[in-house]
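Subject: Structure for you to look at

Hello,

Here is the structure I said I would pass on. Please open it first, then read the notes below it.

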Amino acid sequence: GIGFISTLCAKDSRVRKVFAVEANPELIPICRRTYQLNQVSVELFHEMLGTEDGTALFHLHRDFWASSATAWNGSQQVEVPKTSFQKRLDQISPSLLIVDIEGGEFDLFDGVQMPSVKKILMEIHQNVIGRAGVKKVFDTLSAQNFHYDQWHSSRGIVTFSKIDRDA
């Protein structure tokens, strides 16, 4: 939301490059300022990720953490750029994904190939996607050779590791 996690990642000397995706247009200048104040380099994309390029509706809420692709009471609808998740993955070849997209995790990984990804840290929003949605996310990632990594998961923050990542 405000660039905290991407800044933390960029400060780690073991990390080569950090990319961040933020759909909320009101948070883009805040993220950039966070990076500047912390003297880090993060490539920031103002977009939502989906199955194809185009535009998408994003719902701004006065509490930025409540803003999402899902309409909430009191949210204001804006149009934002949308980029194919597959296209972005192919472009940057990430080894780690950190995903907190307020329910957008439901279908984000459908039909996506992630050969470079070794770990996924994700906040699961069961209140938005429901139990069946949580199962769908787990099933989709399991079919791509990821397993639930209990040692690096806690409550709604779930880690998936590539089964053959040590091969």
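Lysine 118 is partly exposed, because its relative accessible area is 43% (buried means under 20%, exposed over 50%, partly exposed in between, with a 1.4 Å probe and protein chains only). Lysine 118 sits in the loop between helix 4 (105-108) and strand 7. Glycine 133 is 15 residues away from lysine 118 in sequence, and their C-alpha atoms are 23 Å apart in space.

Two remarks on how to read these values. This is a predicted model, in which local features need pLDDT of at least 70 and side-chain atom pairs count only at pLDDT 80 or more, while totals for chains, interfaces and linings use all residues. Residues are numbered from 1 along each chain as its sequence is written, and side-chain values use heavy atoms, with hydrogens and water left out.

The protein has five helices and nine strands (DSSP runs numbered from the N terminus: helices are H or I with at least four residues, strands are E with at least two). Along the sequence their order is α-β-α-β-β-β-β-α-β-α-β-α-β-β.

On overall size, the C-alpha trace spans about 45 × 40 × 30 Å along its principal axes. Of the 167 residues, 38% are buried.

Next, the interior. In soluble globular proteins, nonpolar side chains tend to be buried together. The largest nonpolar core here has 19 residues, and Leu97, Phe109, Met114, Ile120, Met122 and Leu141 have the most contacts inside it (a nonpolar core is a set of buried Ala, Val, Leu, Ile, Met, Phe, Trp, Tyr and Cys residues joined through side-chain atoms within 4.5 Å). Two or more residues of this core come from each of helix 3 (85-92), strand 6 (96-99), strand 7 (119-123), helix 5 (126-143) and strand 9 (157-162). Helix 5 gives the most, with four residues. A second, separate core has eight residues, among them Ile28, Cys31, Tyr35 and Val40.

Neighbours within four places in sequence aside, leucine 97 is in contact (heavy atoms within 4.5 Å) with Phe85, Leu89, Phe109, Met114, Val117, Lys119, Ile120 and Leu121.

Regards
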